[in-house]
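The sequence and structure come first.

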Amino acid sequence: MNEITMKMQADELILMALKEDITSEDVSTNAVMPKAQKGTVELIAKEDGVIAGLSVYARVFTLLDADTEVTFHCEDGEEVKKGQLLANVTGDIRVLLSGERVALNYLQRMSGIATYTRQVARLLEGSGVTLLDTRKTTPNCRVFEKYAVRVGGGSNHRYNLSDGVLLKDNHIGAAGSVAKAVSMAKEYAPFVRKVEVEVETLDQVKEAVEAGADIIMLDNMTPETMKKSVELIGGRAETECSGNVTRENIEKIREIGVDYVSSGALTHSAPILDISMKNLHAV
């Protein structure tokens, strides 16, 4: 995550997280460390995985005290091993203690997403299918979670509702039909925006193609129906597969011929990567 993104988006969110954790004071830390004392602590991986979010981790501490020094021994996207020393953090012990949980929450969550995404992406290697995330992210954590997907080897779908046109089942219900929804979107949206529409049946696939949809999302279809849909579309629109796609079933999609596969599981079901801060001592 670059410095501009950090200052424009991440800083405010990190400060909100810190304020959530410290409403008035860190009672435990103030009890045992009433005055400033320089110290250092180690960041250690407790299981194998892909690391992501190191800059966010460091930013938690430097927002609390700009003089905090973080020395990393790895970088985002690197596959780390259980027991590996990832970083040393040096500064006011009160800052190290007060920022520990928030910093680890970000790093563990982001690294878990990157790890899971890497596992899923590898199952699609050589297929020509692009792996995408979704908007099924933790509120106020989207910038971090979508970054972690990229670190893990996936790609980002639209960032938010202002980022692109995706007509889902309820949009189609509101408009009255697939054809009407696509027509209205093409008339309303800027010409530079592609129009994507979600379909669930072969009849809707035909309607979407005839309406001129740019991308057709095949939602919750069986592999057999998806294959028929891709043949029916015949390259007249890009194709995306979606609906309960996980690490366990994604290989069934490899040979269907879709251009993209989106998986909400990348962000909503990835377990955290266990990482801890250990061996804190004064220096």
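## Contacts and overall composition

Contact means heavy atoms within 4.5 Å. In this predicted model, 70% of the contacts in the protein chain with a separation of 6 or more are made by residues 24 or more positions apart. The chain contains 10 helices and 12 strands. Its C-alpha atoms fill a box of roughly 70 × 35 × 25 Å along the principal axes.

## Surface and charge

Of the 283 residues, 47% count as buried. The accessible surface of the protein chain is about 14,200 Å², and carbon and sulfur atoms contribute 49% of that area. There are 32 positive and 42 negative side chains. The centres of these two sets lie 1 Å apart.

## The six-stranded sheet

An open sheet is built from 6 strands with parallel pairing, in the order β6-β11-β10-β9-β8-β7. Strands β6 (130-132) and β7 (165-167) stand at its edges; each has a single partner strand, so one side of each is left without a neighbour in the sheet. From one strand to the next, the twist averages 25°.

The bridge partner of L166 in β8 is E196. Helix α9 (residues 223-233) packs on the sheet, where it touches β9 (215-219) and β10 (238-242). The direction of α9 makes about 165° with that of β9.

## Helix α5

Helix α5 (residues 142-152) is mostly covered, with 10 of its 11 residues buried. An α-helix has 3.6 residues a turn, so residues three or four places apart point the same way. In α5 the buried residues include the charged side chains R142, E145 and K146, along with F144, Y147 and V151. After α5 comes G153, which has a positive phi near 110°.

Is F191 buried or exposed? Its relative accessibility is 82%, and a residue counts as exposed over 50%, so F191 counts as exposed. F191 and V50 are 141 residues apart along the chain, and their C-alpha atoms are separated by 39 Å.

Key: Residues numbered from 1 in each chain as written. Predicted model: local features only at pLDDT ≥ 70, side-chain atom pairs only at ≥ 80, totals over all residues. Heavy atoms only, no water. Helix = DSSP H or I, 4+ residues; strand = E, 2+ residues; numbered from the N terminus. Buried < 20%, exposed > 50% of the residue type's maximum accessible area, 1.4 Å probe, protein only. Areas by Shrake-Rupley, 256 points an atom, 1.4 Å probe, with all protein chains shown as cover. Charge placed at Lys NZ, Arg CZ, Asp CG, Glu CD. Pairing = 2+ DSSP bridges. Axes fitted to C-alpha atoms, helices over the stretch in contact; angles between N-to-C directions.
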